[in-house]
Amino acid sequence: MQQVKIGIQARSTSKRFPNKIFEKIDGVEMLQMVIDACKNAERYINRHSMKYNYSASTAVLCPYDDPLVEKYKNKVEIIEGEEFDVLSRYVNAVENCHWAVRVTADCPLIPPFIISKSVMIAVKNKYDYFSNVDPRVRLACDGHDTEVISKNLLLWMDKKELDQQDREHVTTHIRKEHEGNRLPDWALVGTFISPLPMQAIKLSVDCHADLEKVRRV
């Protein structure tokens with residue numbers, strides 16, 4: 001059976017808004033909201049796992065010794081790695097898996113169905129990269145970002161001499177190479193097109209003003 005790791009990229013050391021992942025929205029910490037969304041998607045996927053021959057699990061991917069480790073180690077799988085080499089964390093996450101899903105901890109209102117639907121489409125069609133974030137055709141609102149990446153494509157990137165920015169932002173290199181038609185011939189790329197144009201809506205949390213907006217929402 002093929003395995004999918006839903007990896008939540010998280011850290012408490014954000015320079016613009018330190019410890020934002022611990023801020024509460026309606027009494028629930030932001031990171032916990034993202035974990036809950038991912039686990040709901042995981043449960044839906046696993047209800048159909050025998051039919052489709054794949055299953056999912058959720059993990060938080062964070063820097064070594066981040067304070068969130070002690071706080072969440074009994075709630076979710078934790079995968080630690082270098083703070084500014086996030087790509088390496090995802091490579092570690094797929095050691096025993098076939099696909100990784102990239103979700104970030106600053107998206108507390110991400111709908112579980114977007115995650116589960118992305119996984120189901122990507123695995124069924126054997127996409128190496130499937131996302132709703134391609135800026136050329138993006139319709140999803142900022143805060144619903146979901147990317148599914150095959151183990152093969154992650155390992156391909158990991159072997160390249162990428163600069164720190166690309167290793168930190170994980171998938172920027174994929175999109176640049178795809179736009180320039182420089183991905184390997186075997187790499188299949190697809191895009192999740194939202195049914196409504198919502199790209200102007202911002203529901204991710206980068207600063208205090210974003211947090212207050214999301215609390216109102």
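Which residues line the largest cavity? In this predicted model, the lining consists of Tyr-129, Ser-131, Asp-134, Arg-136, Ile-174, Arg-175, His-178, Val-189, Gly-190 and Thr-191, where a cavity is a set of points on a 1 Å grid over the protein atoms alone at which a 1.4 Å probe fits but cannot get out, and lining residues have an atom within 4 Å of a point. Residues are numbered from 1 along each chain as its sequence is written, and side-chain values use heavy atoms, with hydrogens and water left out. Because the model is predicted, local features need pLDDT of at least 70 and side-chain atom pairs count only at pLDDT 80 or more, while totals for chains, interfaces and linings use all residues.

**Cavity**
- A search of the whole structure finds one cavity of 30 Å³ or more, and the largest cavity holds about 60 Å³ of space, a volume being the space filled by probe spheres set on the grid points.
- Strand S7 (129-131), H8 and strand S9 (189-191) each supply at least two residues of this lining; helices (H or I, at least four residues) and strands (E, at least two) are DSSP runs numbered from the N terminus.

- The largest pocket holds about 760 Å³ of space, and of the 28 residues that line it, the closest to its centre are Gln-9, Arg-102, Thr-104, Asp-106 and His-169; a pocket is an open set with protein on both sides within 12 Å along at least five of seven lines.
- Helix H4 (86-93), strand S6 (99-104), helix H7 (164-169) and H8 each supply at least two residues of the pocket lining, with the largest share, three residues, coming from S6.

**Sheet**
- Seven strands form an open sheet of mixed pairing in the order S5-S4-S1-S6-S8-S7-S9, two strands being paired if DSSP finds at least two bridges between them.
- Strand S5 (77-81) and S9 stand at the edges with a single partner strand each, so one side of each is left without a neighbour in the sheet.
- S7 and S9 run parallel and are joined by three bridges, and Ser-131 stands opposite Thr-191 in S9.

**Helix packing**
- Helix H6 (residues 151-159) and helix H8 (residues 172-179) pack at an angle of about 95° with their axes 11 Å apart, the axes being lines fitted to C-alpha atoms over the stretch in contact and angles running from 0 to 180 degrees between N-to-C directions.
- That makes H6 roughly perpendicular to H8, a term covering 65 to 115 degrees.
- Leu-153, Trp-156 and Met-157 in H6 meet His-173, Ile-174 and Glu-177 in H8, contact meaning heavy atoms within 4.5 Å.

Definitions and conventions
Angles under 35 degrees count as roughly parallel, over 145 as roughly antiparallel, 65 to 115 as roughly perpendicular and the rest as oblique.
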